[in-house]
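Please read it alongside the sequence and the model.

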Amino acid sequence: MNDNEPLPAAMRTPILDWFGMRHPVFAFSHSVPVVAQVSRHGGLGVYGATRRTPDEIRTELAQLRQLAGSAPIGVNLVLPPGMPEENDAQAIERELPPRHREFIARLYEKYQVPAPKRRGMRTRFLRSNEVSRQQMQAVIDSDVELVACGIGAPGDFVERCKRRGKRIVALCGSPKHARRAIDSGADFLVAQGHDSGAHTGPIGTFSLVPQIVDIAGPVPVLAAGGVVTGRHLAASLALGAQGVWTGSVWLVAEEYGLNPIILRKLLGAGSEDTVITRSESGKTLRQIRSAWSDEWAAPDAPRPLAMPYQDILVGDLLGAIDDHEIEPLMHYAVGQGVAYLNEVRPVAAILEELVAQAVVALRRLGA
Ligand SMILES: Cc1cc2nc3c(=O)[nH]c(=O)nc-3n(C[C@H](O)[C@H](O)[C@H](O)COP(=O)(O)O)c2cc1C
């Protein structure tokens, strides 16, 4: 498929004009280079910044702008309601139940995990209103065109972003979330089904997308959860979505630079090799099955704590597992589409194939 060839009309959805995109493909990633490459090649890359400090967010969004040039870019924050007010991880640490601490100590011992070299990604700061406010300010001050809200879209944040000319997209896992996001003023929605990587709800993508499309009326909807091939993209358009929101497919991009042990696990996995567990963050999260998820699923394991207690309970151990490469416990968030992740390729090649396959699928259907 060459760049000058016109796309079938079905793929030229109105949302492309909002951002000046060529392809109806949005890409969530924690990698600045992946995000930049997607945007440069006609999609729209969205940087996952929820675990970054406000200063890191400022620096990384500036780097992203440099790499992406004038192409549209986005940033994502997860802003769940009900988090503690202050950034005080020690206060949460003091409340961790002894049974849970013992379980963690047993995992260190059983798998011979050396002491953490540094604070883990989940323990560097506490997910709290204090940090969220500063993260939101960094995002509002930035020049990104799109702000994506992961869990919950606070109305005043949405309002302030919109005043700065940013579009807001809200990730929704149920019709109830979609209604709430529309009431908060979101410009468009992602209908993210159960198949997806990381935090996910119980409703499958195929069941969810058309329901949210119907609720949304004139508000555009993107389909997410298991979108890894052009056939998924074509199907999403048929379900009434204006495009797709993708995550897992970029984990095997060359630019992502995934740890080789985890990469091997993903490349060899089928859809049934992912599990949903609360052991990572306290909320339901899909990841590749490993000794980590098996240990937490064992009958004598404690029940994971609520967010942000689970973050603080497991954060340093998770960091140590990755830093010391404790192979059986190493894992990563990924969706059921992992079955299609079979080789490492540059972002541009992955995006080009997604689009080309969708064109073939749509032409086969006579579109
Ligand atoms: C490794 C990974 C981390 C993710 N982290 C976040 C996140 O921090 N915030 C968020 O809103 N979505 C996050 N997601 C979900 C994506 O935004 C997207 O909805 C999802 O990946 C779509 O399903 P797919 O993985 O089947 O493509 C993550 C997904 C993956 C694979």
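## H10 against H14

H10 crosses H14 with right-handed geometry. A crossing counts as right-handed if the near helix is turned clockwise from the far one by less than a right angle, and left-handed if anticlockwise. This is a predicted model, in which local features need pLDDT of at least 70, side-chain atom pairs count only at pLDDT 80 or more, and totals for chains, interfaces and linings use all residues. Residues are numbered from 1 along each chain as its sequence is written, and side-chain values use heavy atoms, with hydrogens and water left out.

Helix H10 spans residues 230–238 and helix H14 spans residues 347–364; their axes come within 7 Å and cross at roughly 55 degrees. H10 is therefore oblique to H14. Angles under 35 degrees count as roughly parallel, over 145 as roughly antiparallel, 65 to 115 as roughly perpendicular, and the rest as oblique. Axes are lines fitted to C-alpha atoms, for helices over the stretch in contact, and angles run from 0 to 180 degrees between N-to-C directions. Helices (H or I, at least four residues) are DSSP runs, numbered from the N terminus.

From H10, Gly230, Arg231, Leu233, Ala234 and Leu237 meet Leu354, Gln357, Ala358, Ala361 and Leu362 of H14. The contact (heavy atoms within 4.5 Å) has seven nonpolar, two polar and one charged residues. Ala, Val, Leu, Ile, Met, Phe, Trp, Tyr, Cys and Pro count as nonpolar, Asp, Glu, Lys and Arg as charged, and the others, Gly among them, as polar.

## H3 against H6

Helix H3 (residues 54–68) and helix H6 (residues 129–141) have axes that come within 8 Å and cross at roughly 20 degrees. The two are therefore roughly parallel to each other. Their crossing is right-handed.

On the H3 side, Pro54, Ile57 and Arg58 take part; they meet Gln134, Gln135, Gln137, Ala138, Val139 and Asp141 in H6. By class, this contact holds four nonpolar, three polar and two charged residues.

## H5 against H13

H5 and H13 pack at about 5 degrees, with axes 10 Å apart. H5 is therefore roughly parallel to H13. H5 contributes His100, Arg101, Ile104, Leu107 and Tyr108, while H13 contributes Leu313, Val314, Asp316, Leu317 and Ala320. Seven of the contact residues are nonpolar, one is polar and two are charged.

## Backbone in the loops

Which peptide bond is cis, with omega near 5 degrees? The bond from Met307 to Pro308. Pro308 sits in the loop between helix H12 (291–297) and helix H13 (309–323).

Gln112 is not a glycine, yet has a positive phi of about 50 degrees. Gln112 lies in the loop between helix H5 (98–110) and H6.

A search of the whole structure finds one cavity of 30 Å³ or more. On a 1 Å grid over the protein atoms alone, a cavity is a set of points where a 1.4 Å probe fits but cannot get out. Grid points are joined across faces, edges and corners, and a volume is the space filled by probe spheres set on the points.

The largest cavity has a volume of about 40 Å³. Thr50, Val78, Phe125, Arg127, Ser128, Val131, Ser132 and Gln135 line it; lining residues have an atom within 4 Å of a point. The lining divides into three nonpolar, four polar and one charged residues.

How values were computed
On a 1 Å grid over the protein atoms alone, a cavity is a set of points where a 1.4 Å probe fits but cannot get out, and a pocket is an open set with protein on both sides within 12 Å along at least five of seven lines; lining residues have an atom within 4 Å of a point.
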